[in-house]
Amino acid sequence: MLTVQFLLLGAVLFCIGVYGVLARKNAVMVLMSIELILNSVNLNLLAFSSRLGSIDGNTFALYVIAVAAAEVGDMKG
Amino acid sequence: MVAADLLVAQNIGFGIIALLMIVAALRVVTVKNVVHAALWLVIVLSGAAAQYLLLSAEFVAITQVLVYVGAVMVLFLFGTMLTRAKIGAEADLNNKNWGIAVPVSLLMFGVITWVLIDGFGDERLPNPDEQTQVPIQVLSDDIFGPYLLPFWALSFVLLVAVIGAIVLARKD
């Protein structure tokens with residue numbers, strides 16, 4: 001598999017998320033778009049992690065997941 | 001876009017899941033019902049977990065299913081259903097100037113695509129059976145070794161989030 005196919009999927013998801021953040025009025029919908037953006041970032045991190053043969057990308061992806069969970073929890077509070 | 005010679009099954013799986021994710025993501029940002037948007041987001045997040053498996057990142061994929069599909073989506077649905085009076089379709093989920101967002105995101109997508117194809121045109125990922133499988137132990141050594149300081153910072157972020165949720169929930 002090529003590296004760029006995962007990166008392009010991440011780019012598509014990122015741009016859809018940016019559209020959602022800009023276009024939506026409801027805070028919950030903006031938050032869902034931010035989740036899309038964070039997932040595209042994770043996809044990029046894991047693609048580069050696999051490409052470079054290093055485990056650091058997995059660590060960063062786990063941190064991103066934890067920060068996203070904290071953000072959603074606070075939003076709902 | 002697809003590596004021609006190798007890994008036909010993985011490439012077909014990638015294509016199907018990627019198409020599903022893109023359609024579901026478009027539905028998330030265009031649908032007029034908050035609960036439906038959350039349910040479409042479940043498809044995107046599960047598809048992302050499947051892509052992580054294709055990238056041979058099993059632990060992150062399992063964490064994605066546990067944290068995102070398990071906890072975050074339940075939180076979205078519970079929060080929406082418990083706090084909002086209206087569940088059905090709404091007319092005014094978009095901004096007044098939402099039309100500007102279309103060219104902005106399209107321009108951004110064009111630039112990113114050009115840069116990615118220019119930079120990583122035909123670079124190939126190592127095959128899953130060729131590359132050495134990294135055990136989870138190495139991941140934990142990485143978290144608790146060189147990246148211990150961000151881990152501590154993250155625990156403080158979670159603590160602040162918990163306290164903030166309590167404070168915000170007490171106000172109303």
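Helices here are DSSP runs of H or I with at least four residues, and strands are runs of E with at least two, numbered from the N terminus. The model is predicted.

Me: In what order do the elements of chain B run from the N terminus on?
Reply: Chain B holds 6 helices and 0 strands. Read from the N terminus on, its elements give the order α-α-α-α-α-α.

Me: How far apart do the C-alpha centres of domain 1 and domain 2 of chain B lie?
Reply: The domain assignment divides chain B into domain 1 (1–90 + 97–124) and domain 2 (133–172). Between the C-alpha centres of these two domains of chain B, the distance is 24 Å.

Me: What percentage of the residues of chain B count as buried?
Reply: A residue is buried if 20 or more other C-beta atoms lie within 10 Å of its own. Chain B has 172 residues, and the share of them that counts as buried is 22%.

Me: Among contacts in chain B between residues at least 6 apart in sequence, what percentage join residues at least 24 apart?
Reply: A contact needs C-beta atoms within 7 Å. Of the chain B contacts between residues at least 6 apart in sequence, those joining residues at least 24 apart make up 53%.

Me: Which element gives the largest share of the side of chain A that touches chain B?
Reply: The contact involves 54 residues of chain A and 74 residues of chain B. On the chain A side, helix H1 (3–23), helix H2 (27–52) and helix H3 (56–76) each give two or more residues. That side divides into 33 nonpolar, 14 polar and 7 charged residues. The largest share, 17 residues, comes from H1(A).

How values were computed: Residues numbered from 1 in each chain as written. Chains lettered and ligands numbered in written order. Predicted model: local features only at pLDDT ≥ 70, side-chain atom pairs only at ≥ 80, totals over all residues. Contact = placed C-beta atoms within 7 Å. Nonpolar A, V, L, I, M, F, W, Y, C, P; charged D, E, K, R; others polar. Domains from an automatic or database assignment. Buried ≥ 20, exposed ≤ 12 C-beta atoms within 10 Å, placed from the backbone.
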